[in-house]
Amino acid sequence: MSTLEIRDLQVAVEDKEILRGVNLTVKSGETHAIMGPNGSGKSTLAYAIAGHPKYTITGGQVLLDGVDLLELSVDERARAGLFLAMQYPVEVPGVSVSNFLRSAVTSVRGEAPKLRQFAKDLKNGMDALAIDGSFAQRNLNEGFSGGEKKRHEILQLELLKPKIAVLDETDSGLDVDALRVVSEGINRFRESGETGVLLITHYTRILRYVKPDFVHVFANGKIVEEGGPELADKLESEGYEQYTKASA
Amino acid sequence: MGLNEKPLSTLHEKASYDLADFEVPAGREEAWRFTPLSRLKGLHDGKAVAEGHVKVDVDAAPEVTVETVGRDDPRLGKVYVPADRVSAQAFNAFEKATVLTVAREAVTSKPTVVTLTGAGDGAAYGHLLVQVEPMAEAVIVLDHQGSAVYADNVEFAVGDGATLRVVSLQDWQDDAVHVSHHHARLGRDATFRSFVVTLGGDLVRLSPSVSYDGPGGDADLTGVYFVDAGQHLEHRLLVDHSQPNCKSNVDYRGALQGEDAHAVWIGDVIIRVAAEGTDTYELNRNLILTDGARADSVPNLEILTGEVAGAGHASTSGRLDDEHLFYLQARGIPYDEARRLVIRGFLGQLVEKIQIQEIRDRVMAALEAELAR
């Protein structure tokens, strides 16, 4: 059992306050959806938890099983069991996917995977996400389409098996087929019940495939409403307008 | 910027075997302004007396004829006429030249490795001529090692339809000074592939140049360098397109780390009036890994004809991309390893182009050693 506990998190970017006190707890076996309009601070939450250098923490704590992640470096957070699936995975020239994945798995597990087992896991993972085998030899994210990048993020999720996964707009830019494949990957990851998922999205579409246990509405840097899956249905029909007006 | 004040093509028009035709550089000249003359140990002003030794060993493919000849050999200096003071100094001071010849239509069965080992006992001058006759194919490796104060000229005569691949490794000890001109003259439909790796030495100034003797020539010049604290590694490229329908591609990349690590890259491409249908691109990228390192990168493209197939250049110098590091670290990869992965990727993309596996492995190992510093 793992718990991610975000306590009164305040974050600024270049002296501009973006997050104004976020409180949220995600436990193993739970899926939380964070929904909100553009610019509400959803992605800031994801990147601040992961430790992107652009974001300055001005207050609060983020505890993973009692350890304050904010005290750790980016890679230490990942090794502690945090995973961030990025909205815009960067292209890294000259670093092959297989080399990258092996380095990542080795770092997170603390030991190099057995080559044969790793090759098998990689192939199975790629097959399940309908990723062509040739991708292993390609440069990381280089020339990947939007959908290929997202599938590759989920492949990493499945290989690294984090305690808590933060998925930042993984659904954006995906066509229906790719959305289905990616959602199935997330669901396989959730199956064990040993992991928690924080799913950040602008649209309710993905929630038809990945059913959330809790839905949080984000506006103006904080959570303004919380509820169960039914809250997503309400957002689907009414949109974010009431929240953006309320916070203005 | 001096280069913009006068037409580029005049920069390289001076060529002579006579040392007296070149004034001793004072440091302000366009061709010398980046080079710390005080560290040339007299190669530029005649004070470097040829009392040292650079041993030349040739491990040749059976198809290659190897000769050691005197200064009076009429074949020398036909491909390249010295275009600066140090080059002229070297041409006037070398005692023995090495001549490698690949006969017409011969295809060499293995790389020919020329190992130049500096004895560390003073200045030395050298000359190498590689003749690849029409339709022949050869691979030559120049491996510079040891400690030296060395200036030389290297001539590559690539015959019609011939292919020459050259790897030049500057793997000198830390105190070496090396000023070198590599000139390739390409016959009709000739192919030239040059791969330069510069890692060692206190000061290395290497000037690879290409000219074309007929249409259809294709030159590809690749370079990788890793500059450590205090090193000055300078590469001055010149591709002179004077014939129609020739190609050239230049891609040099380097990483710099440490106080006063200095890289200089000059990339001159001239497309003369007759050179219609030229296709050329030149690129230089520098990765600056620490404070105190400096990269000067100056691409120049002078087009004198309206009919080119393609002509472009690009130069970028920057630090490691935070987003790259963040992405790798967010997958648990520690900072140092993430940094190595990115740098290795940046340079390794070029190293992969070396077709000889032993050399490729050696270059990668040398880069790994640099990264581990």
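A: Two strands pair if DSSP finds at least two bridges between them. Keep that rule in mind, and remember that this is a predicted model.

Start with one pair in chain A. Strand S3 (residues 31-35) and strand S11 (residues 214-219) of chain A are joined by four bridges. That meets the rule of at least two, so S3(A) and S11(A) count as paired. The two strands run parallel. For one bridge, look at Ala33(A): its partner in S11(A) is Val215(A).

Now widen the view. S3(A) and S11(A) belong to an open sheet of six strands. The order in chain A is S6-S9-S10-S3-S11-S12, and the pairing is mixed. What stands at the edges? Strand S6 (82-85) and strand S12 (222-227) of chain A do. Each has a single partner strand, so one side of each is left without a neighbour in the sheet. The sheet also twists: from one strand to the next, the average is 20 degrees.

Helices lie across this sheet. Helix H7 (residues 230-238) of chain A lies across S3, S11 and S12 of chain A. Its angle to S11(A) is about 45 degrees.

Next, follow the chain out of S9(A). Glu169(A) lies in the loop between strand S9 (164-168) and helix H6 (176-191) of chain A. Most residues other than glycine have a negative phi. Glu169(A) has a positive phi of about 50 degrees, although it is not a glycine. Is Glu169(A) buried or exposed? Glu169(A) counts as buried, because it has 21 C-beta neighbours inside 10 Å and the cut-off is 20 or more.

Asn141(A) sits between strand S8 (139-140) and helix H5 (146-160) of chain A. Its phi is near 65 degrees, again a positive value in a residue other than glycine. Asn141(A) has 22 other C-beta atoms within 10 Å, so this residue is buried too.

H5(A) leads on to the neighbouring chain. The contact between the chains takes 21 residues from chain A and 20 residues from chain B. On the chain A side, H5 supplies at least two residues, and so does each of helix H2 (74-80), strand S7 (92-96) and helix H3 (97-109). By class, that side has 13 nonpolar, six polar and two charged residues.

Last, the core. In soluble globular proteins, nonpolar side chains tend to be buried together. Here the largest nonpolar core has 179 residues. Among the members that touch the most others are Val166(A) and Phe156(B). Phe156(B) touches residues including Val79(B), Leu164(B) and Phe192(B), leaving aside those up to four places away in sequence.

Chain B is divided into domain 1 (2-319) and domain 2 (321-373). Their centres, taken over C-alpha atoms, are 26 Å apart. The contact between them takes 17 residues from domain 1 and 15 residues from domain 2 of chain B. On the domain 1 side, eleven are nonpolar, one is polar and five are charged. Both domains of chain B give residues to the core, so the core lies between them.

Notes: Residues are numbered from 1 along each chain as its sequence is written. Chains are lettered from A and ligands numbered from 1 in the order in which they are written. This is a predicted model: local features need pLDDT of at least 70, side-chain atom pairs count only at pLDDT 80 or more; totals for chains, interfaces and linings use all residues. A residue is buried if 20 or more other C-beta atoms lie within 10 Å of its own, exposed if 12 or fewer, and partly exposed in between; C-beta atoms are placed from the backbone. A nonpolar core is a set of buried Ala, Val, Leu, Ile, Met, Phe, Trp, Tyr and Cys residues joined through C-beta atoms within 7 Å. Domain bounds come from an automatic or database domain assignment. Two residues are in contact if their C-beta atoms, placed from the backbone, lie within 7 Å. Axes are lines fitted to C-alpha atoms, for helices over the stretch in contact, and angles run from 0 to 180 degrees between N-to-C directions. Ala, Val, Leu, Ile, Met, Phe, Trp, Tyr, Cys and Pro count as nonpolar, Asp, Glu, Lys and Arg as charged, and the others, Gly among them, as polar.
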